[in-house]
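Please look over the model shown below before reading the notes. The points are meant for someone who has not seen this structure before.

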Amino acid sequence: MKITELKGIGAARSKAFARLGLEDTLDLLRCYPADYEDRTVFAKIRTLIPGHTCCVRAMIADEPRESRIRNGLTLTKLTVVDETGRLFLTFFNSPYVKQSLVRGKSYVFYGKAEFSNNRTCMTNPVFETESRQSVTGRIVPIYGLTKGLSQYNVRSAVTQALECHSVPDGDPLRQIHAPDNMTKLQEARNILAYNELYALALRLAELKAERAAKAGNIFPKLSIDEFENTLPFTLTAAQKRAMTETDTDISNGSLMARLVQGDVGSGKTMVAAYAALRACRGGYQAALMAPTELLASQHYATLKPLMDEWGVSSCLLTGRITPANKAKLQREIADGKIDFIVGTHALISKNTAFSNLALIITDEQHRFGVSQRETLQAKGNDAHTLYMSATPIPRTLALLLYGELDVSVIDELPPGRTPVKTYAVNEAYRERIDGFIRKTVDGGGQVFIVCPSIESPDFADAVSVHERLSGVFTDMEIGLAHGKLKQKDRAFVMDRFSKGEIPILVATTVIEVGVDVPNAALMVVESAERFGLAQLHQLRGRVGRGRRESFCVLFNSTGGEQAAKRLKTLEKSNDGFEIAEIDLQMRGSGDFFGTRQHGLPELNLPRGYDISIIKKAREDALRTLGGN
């Protein structure tokens, strides 16, 4: 049933629901609450504890008194009583209160108790009559909102959806939206999460079994020491371990499908280069596909000298090269004259064919859809695959997220990388941070300003932040980069920033991958609470890549205590895997599963499920398939 058929949802409100991706009643049922308020606790007025939230049954003792204060705001005050004492209530900008609360009648009030001037008080409590109790005396779901929607709007729509689909009282789907108690809520979370994770784990295990049954090319040996001797730096122990694991895969006759996972700057590209040299020296071709032209260009600039030294021909194939040059390169690739090809989506175009492609390397593989990866795979000759990701993921989660792959972890950084100093702040620091931006630029450094969205009425967005900063820093150019810009325009801006021609770049997470600016010494993340900790850690890896002392400032726009606690984690640690573990414990796995590519069972996990469910779902799926 379309959402517009529900009571209370007209054209304007349906558009607001659509912004949340909700268009029918099934969407509503899968729109799990972001949080809950336990309003089942009742207390007598005399026992109220300042700072604690609960429900109170009380009678209106006097007529509500309304007064006007500054800027046209209204203030409504009244007193309620029970058999133990008096409670003083204050409502701001709530003119309906005077008509809704009748002297001598009893109501249920829900709010946070306060103690002021020797009086017990509540400010803006939720209230309703004892006979109704739809938002008091129960566990109330709190949904994510957008402009034009209230909690009442969403709750009403979800309630109607539950009835439309005749969801029974004991069903986990009803309990996730209207829980009888906290125990049943947790049970519902776990059941719903398990069902989805089991389906994912089952499909991933099937994919891994299918791959294990296929034969792969065997590449000639190349010792890691021999490879290292041609490098201008020393490999870390973690890099050598990943290379050894890769060496086993491409030497045993089975088909490799391995993920190399590690922090930004940990040296994943050298692991890929080692595998590529093995392939190319054996007479095969290797291709490295990156999600952006900038990242592809950087990989090519890094790897070409190395390939040249080993006598391996290489090229860069992207959408920015001229049609004539592209056609020439494509002919040479098809004829086998080029061994190592670095490129973007141009690698999977119908005009790009390979002579003997035996190794496919994909950087930030979650940014490509399954169909895109399969298109490149189809161009190969039983090609081995190596994926690289700079998103640190806890091992338990990685086993499920990438269950069809073998996983190598690079858990140390090369020597010389300076940790980025990180500060989590609120809006009170805005003027001070503007001054810090000025100081950084005046000192010759560059600044990233990262926003969670291009345009949004609900939180800091790139367009609005760019406009504000352009008014603050009128004497300097401020760049703007986001996903709605044409590829060539975005690349032009980011290229100028990389060259130091633009001192400040306002961007969305398009800068998360592939922007290497050693001169960038400060990153400011707006509405940082909207990002996962692992993603924030990856973002701040864009600074601290040169010799300058570097900083990352995380703005908590909500000012919430829980968000502040999460962000403080990044002040204390620069270890991506430690941060990922903490994020998993504090927020659950939603952020990590959001990195899954299309083509697998879609996940819509409720918050707060027991993370041990992840391990159980995987074990049960493997058991179902006979332990494969």
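The numbered points below go from the whole chain to single residues.

1. Basis. This is a predicted model, in which local features need pLDDT of at least 70 and side-chain atom pairs count only at pLDDT 80 or more, while totals for chains, interfaces and linings use all residues. Residues are numbered from 1 along each chain as its sequence is written, and side-chain values use heavy atoms, with hydrogens and water left out.

2. Overall. The C-alpha atoms of the chain fill a box of roughly 90 × 65 × 45 Å along the principal axes. The secondary structure comes to 21 helices and 22 strands; these are DSSP runs numbered from the N terminus, with helices being H or I of at least four residues and strands E of at least two. Of the 628 residues, 51% count as buried. Buried means under 20% relative accessible area, exposed means over 50%, and partly exposed is in between, with a 1.4 Å probe and protein chains only. Among contacts between residues at least 6 apart in sequence, 73% join residues at least 24 apart; contact means heavy atoms within 4.5 Å.

3. Helix α1. In α1 (residues 11-19), S14, A16 and F17 are buried. These residues lie on the same side of α1 because they cover an arc of only 155 degrees around the axis, the arc being that of the directions from the helix axis to the C-beta atoms. On the other side of α1, A11, A12 and K15 are exposed. The cover over the buried residues of α1 includes α2 (25-29) and α4 (151-164). Just after α1, G21 takes a positive phi of about 80 degrees.

4. Helices α8 and α9. How do α8 and α9 pack, and at what angle? Helix α8 (residues 237-249) and helix α9 (residues 268-280) pack at an angle of about 35 degrees, with their axes 9 Å apart. Axes here are lines fitted to C-alpha atoms, for helices over the stretch in contact, and angles run from 0 to 180 degrees between N-to-C directions. The contact is made by Q239, A242, M243, T246 and D247 of α8 and by M270, V271, Y274, A275 and R278 of α9. These residues divide into 6 nonpolar, 2 polar and 2 charged, where Ala, Val, Leu, Ile, Met, Phe, Trp, Tyr, Cys and Pro count as nonpolar, Asp, Glu, Lys and Arg as charged, and the others, Gly among them, as polar.

5. Cores. A nonpolar core is a set of buried Ala, Val, Leu, Ile, Met, Phe, Trp, Tyr and Cys residues joined through side-chain atoms within 4.5 Å. The largest one has 43 residues, of which F227, M243, M270, L288, F340, L359 and I361 touch the most other members. Elements giving two or more residues to this core include α7 (224-228), α8, α9, β11 (285-289) and α10 (293-309). The largest share of this core, 10 residues, comes from α9. A second, separate core of 28 residues includes A481, V517, A520 and V543.

6. F340 and V312. Leaving aside neighbours within four places in sequence, F340 is in contact with residues including A276, C280, L288, L303, M307 and V312. V312 is in the loop between α10 and β12, and counts as buried because its relative accessibility is 4%. Not counting residues up to four places away in sequence, V312 touches L277, C280, M307, D339 and F340. The C-alpha atoms of V312 and D339 are separated by 6.2 Å, although these residues are 27 apart along the chain.

7. G311. In the loop between α10 and β12 (314-317) lies G311. Is G311 buried or exposed? G311 counts as exposed, at 64% relative accessibility. From C-alpha to C-alpha, G311 and N181 are 69 Å apart in space, and they are 130 residues apart in sequence.

8. L207. Helix α6 (residues 182-212) contains L207, which counts as partly exposed at 25% relative accessibility. L207 and E404 are 197 residues apart in sequence and 5.6 Å apart in space, C-alpha to C-alpha.

9. Positive phi. Most residues other than glycine have a negative phi. N93 is not a glycine, yet has a positive phi of about 50 degrees. N93 is found in the loop between β5 (85-92) and α3 (96-100) and is partly exposed, at 45% relative accessibility. S527 also is a residue other than glycine with a positive phi, near 45 degrees. The loop between β21 (520-525) and α17 (533-540) holds S527, which counts as buried at 1% relative accessibility.
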